[in-house]
Amino acid sequence: MKLSYFELLSPDPVYVQGIGGILSPTLRDISRLGYNKYQYYLTMLLMDPKTYLSLIDYPEKEKLLSGDENPGINIFQLLSGNQQSCLLLQDILNFFIKEDILYSPDCNGFIAKSSNQAAGIITEKNYPYVCDLIFQRNCIKPAREEDLSAVKNKKTLEIMKKLRKGRAEKNRQPETDKNMELGNIMSAVANRSQSLNILNVPDLTIFQLWDCFSRLLHNNIYDIQSMSVAAWGNKENSFDAAAWFKRTNDNN
C-alpha cells in the first residue's frame, strides 16, 4: 500500500483497518523520545533475520547463518519470541502507532487498543506491511533485496549472490554526510524558510520537515534559473516557468 502524498504530509494518523493509526512523529515527539532512541527504533524495524541472529545467542544460530538462503524464520518470530525484544518491539509500535499497543501471547501478536476496545492486531503476517507504512510516514526508503529463489541458472545465481555480498560489505561502514543530519536540516529549514523558525520547526512531522527541505532546495534552483533567464533570456526554451509547483515527492 502506497500512501498518497496528502496522507504522507498529514499531521494526523493514517488509519488502516485491522491495524490502527500509523503516525508520522513530530520533531518534538522525537526530541522527547531522544534522537538516538528514535534511530534505534527505526533500526530495529529495518532489521532482517540474519542481521538479528548475528547479534544474539540463538539455538542453531551457526547453522542458520551459514546458509545462503532465507534462514527459515522471520524477524517477527525472533523479536516476539524473546521477552526483552518483545517488550522493545511493543515500545516501538507504541511510538509509531496511535493506539495503545500490548502484546498478547494468546494471539501471538500485538493488540492495538483504543478506549479499551481492540482496534487491530499486528501479527507476523501483517508486520512487514506495518513496517512499510511506518517507513513511508518517516521518509525512510529501505533497501530491497532481490528474491533469488526464482533464479534457476546456477551461474546467474552465483553472480547475484556475490553482488549481494559485496553490497552488504559496502553497507557495513556507510559514510555519513553531516550536512544531512536531522539537526542540521532543522536549522537549515528554520533559517531559510520565510515562515518557519527555530521555535515552530519542532511542530513539523518528520515527513513534513524533509518535504520542506526538498521544496526549499527545489525553489532555490528555480530562483537561480529564473534570474538567469531574466538577465540573459531563454533562447533554448529550457526554462520551465511552472517548475516551482512541480511535484518533488516521487513515492507514488
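## A guided tour of the predicted model

Begin by selecting Cys107, which is partly exposed at a relative accessible area of 40%; in this tour, buried means under 20% relative accessible area, exposed over 50%, and partly exposed in between (1.4 Å probe, protein chains only). The model is predicted, so local features need pLDDT of at least 70 and side-chain atom pairs count only at pLDDT 80 or more, while totals for chains, interfaces and linings use all residues. Residues are numbered from 1 along each chain as its sequence is written, and side-chain values use heavy atoms, with hydrogens and water left out.

Select Cys86 next: its relative accessibility is 6%, and it counts as buried. A disulfide is taken as a pair of cysteine sulfur atoms within 2.5 Å, and the count by this rule is zero.

**The sheet**

Now display strands β3 (residues 100–104) and β4 (residues 109–114), which pair in the antiparallel sense over five bridges. Strands (E, at least two residues) and helices (H or I, at least four) are DSSP runs numbered from the N terminus, and two strands pair if DSSP finds at least two bridges between them. Along this pairing, Ile101 stands opposite Ala112 in β4, and Tyr103 stands opposite Phe110 in β4. The two strands form a hairpin with four residues between them, and Asn108 in the turn has a positive phi of about 50°.

Contact here means heavy atoms within 4.5 Å; axes are lines fitted to C-alpha atoms, for helices over the stretch in contact, and angles run from 0 to 180 degrees between N-to-C directions.

Select Phe95 and Phe96, an edge-to-face aromatic pair at 5.0 Å centre to centre, with 80° between the planes. Rings of Phe, Tyr and Trp (its six-membered ring) pair if their centres lie within 6.5 Å; planes under 30 degrees apart count as stacked, over 60 as edge-to-face and the rest as tilted. Phe95 is buried at 16% relative accessibility, and Phe96 is buried at 0%.

Turn to helix α8 (residues 127–137), where nine of the eleven residues are buried, so the helix is largely enclosed by the rest of the structure. Among the buried residues are Tyr127, Leu133, Phe135 and Arg137. Just after α8, Cys139 takes a positive phi of about 60°.

Finally, select Ser24, in the loop between β2 (20–22) and α2 (27–33). Which backbone oxygen does the side chain of Ser24 reach? That of Arg137, at 2.8 Å. Ser24 is buried, with a relative accessible area of 5%. Not counting residues up to four places away in sequence, Ser24 touches Arg137, Thr205, Ile206 and Phe207.

Notes. A polar contact is a pair of N or O atoms within 3.5 Å; within protein, one must be able to donate a hydrogen and the other to accept it, and residues adjacent in sequence count only if both atoms are side-chain atoms.
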